[in-house]
2 protein chains.
Amino acid sequence: MNTGVSKPDTKQRILDSAERLFAEYGFAGVSLRAIIADAKVNLAAIHYHYHSKEALFDAVILRRLEPINRERLELLDALEQAGQPTLEQILEAFLAPAFRVGADPNGGQTFVRLIGRLFSEEMSLFSHVIKQHFGVVLERFARALQAAAPELPTSEVLWRMLFMAGALGHALRSCGQNLESLHGGLCDTSDVEGALRRLIGFAAAGFRAPVPAGVTHV
Amino acid sequence: MNTGVSKPDTKQRILDSAERLFAEYGFAGVSLRAIIADAKVNLAAIHYHYHSKEALFDAVILRRLEPINRERLELLDALEQAGQPTLEQILEAFLAPAFRVGADPNGGQTFVRLIGRLFSEEMSLFSHVIKQHFGVVLERFARALQAAAPELPTSEVLWRMLFMAGALGHALRSCGQNLESLHGGLCDTSDVEGALRRLIGFAAAGFRAPVPAGVTHV
DNA sequence: GTCTATAATCGGATAGAC
DNA sequence: GTCTATCCGATTATAGAC
């Protein structure tokens, strides 16, 4: 007999549907019933496999975020072992894993938008697990960026990381989205690799900008 | 007798509470009942003064967005009449009005976060009115930025505007927010003026970055 | 592990008295 | 303009049969 995975994977289908719908409408904008309808499973199954709506959301995020953040740290480790990396290299190590999932034909495209959405969701929503995941990565990259731009005060590095993260999130949210209404279709948001290269260049230049006059540091 | 405004302004209190709650939890994350509880008004009043939940959301946004976008265009007009403005000047004309409402003690702080949230809400949510508001402004500033950076392909200008808008939104979302959990408190997000100066410098440098090799243009 | 059935609550919206 | 009362559909979650 099979080891229990003979069924066309209810659990996985729930995760896939939830990912797509959460990405589109946000956490509060999606009901469990919308998910079960999309996944063609029973309502009770969602409570059986995951504990609650919030736990399901966590599972959706972690499935993809964990590999992304692991890859980010691996790339950064590899860079630093080869000497002092450039700003562009560090930024690529941070940005590329997030962008590249967009190339994954298996729902990566939709997850890319979900990550973008994550930043605007209620803080208390993404659980301690996720917050912790992000914390470690941000700390490591903050140190790396600081080393690559030693003339910048630490608070300045953090501000620019915040700008970069915002640009990343917004770019990811826009990927595959219909932006014609705003841009007249001149922005090809399906060009994921191009968006990555552009964002790296944009952010690297931003990090190299001089410290504005008159701002205060902590 | 009074002209009808003798009451401590039910209509206004609804708007204020709605603004604060929408900013915190997003459109779908807030119920009308939560709003009336916060505003201490009756449920029916919300349907009387505004037609529906969506119409209320529109009203909340427009109350502050309309002046912001008007000021943006006025500032840009003034700049262009004095000759070819610099990148920094154009960016300031776009960013400053949005940031400055954060200095308004009357709920501006919370609205700043609401604007940031707007980008991640469902597209169909912000009504045609708002979409049109944004469309005009973006078109004008796209032209101005293109003129200030004539060596950039148009699609490149639009990509960088998208990055800038993302950084703006994220910065606004973070203003006054408790970011210690992620940054160890080194980022003083209550320093609105400093955030503005920093973002202008960051984005201007980004706009001056060379076009990445190998990307395609439409 | 999957289902039906249902509990218990909350959602937006409206009617009609005052 | 403001209130009470209520409609009615949708929501999360659970109990219990199979």
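A residue counts as near a molecule or strand when one of its heavy atoms lies within 4 Å of it. In this predicted model, local features need pLDDT of at least 70 and side-chain atom pairs count only at pLDDT 80 or more, while totals for chains, interfaces and linings use all residues. Residues are numbered from 1 along each chain as its sequence is written, chains are lettered from A and ligands numbered from 1 in the order in which they are written, and side-chain values use heavy atoms, with hydrogens and water left out.

Sugar or phosphate accounts for 51% of the atoms of DNA strand C within 4 Å of the protein, and bases for the rest.

## Polar contacts and the elements behind them

Let us look at some polar contacts (pairs of N or O atoms within 3.5 Å; within protein, one must be able to donate a hydrogen and the other to accept it, and residues adjacent in sequence count only if both atoms are side-chain atoms). The side chain of R33(B) places an N or O atom 2.5 Å from a base nitrogen of DNA strand C.

Helices here are DSSP runs (H or I, at least four residues), numbered from the N terminus. Two or more residues of the surface near DNA strand C come from each of helix 3 (43-49) of chain A and helix 2 (32-39) and helix 3 (43-49) of chain B. Helix 3 of chain A gives the largest share, 3 residues.

## How the two chains meet

Chain A brings 58 residues to the contact and chain B brings 57, where contact means heavy atoms within 4.5 Å. Together the chains bury about 5000 Å², 72% of it on carbon and sulfur atoms; buried area is the accessible area (1.4 Å probe) that two parts lose on being put together, summed over both. W159(B), R198(B) and F202(B) supply 18% of the area that chain B buries against chain A, more than any other three residues.

R198(B) also forms a salt bridge with E156(A), their closest N and O atoms being 3.0 Å apart. Such a bridge is a side-chain nitrogen of Lys or Arg within 4 Å of a carboxyl oxygen of Asp or Glu. The rule finds 2 salt bridges across this interface. On the side of chain B that touches chain A, helix 8 of chain B supplies the largest share, 16 residues.
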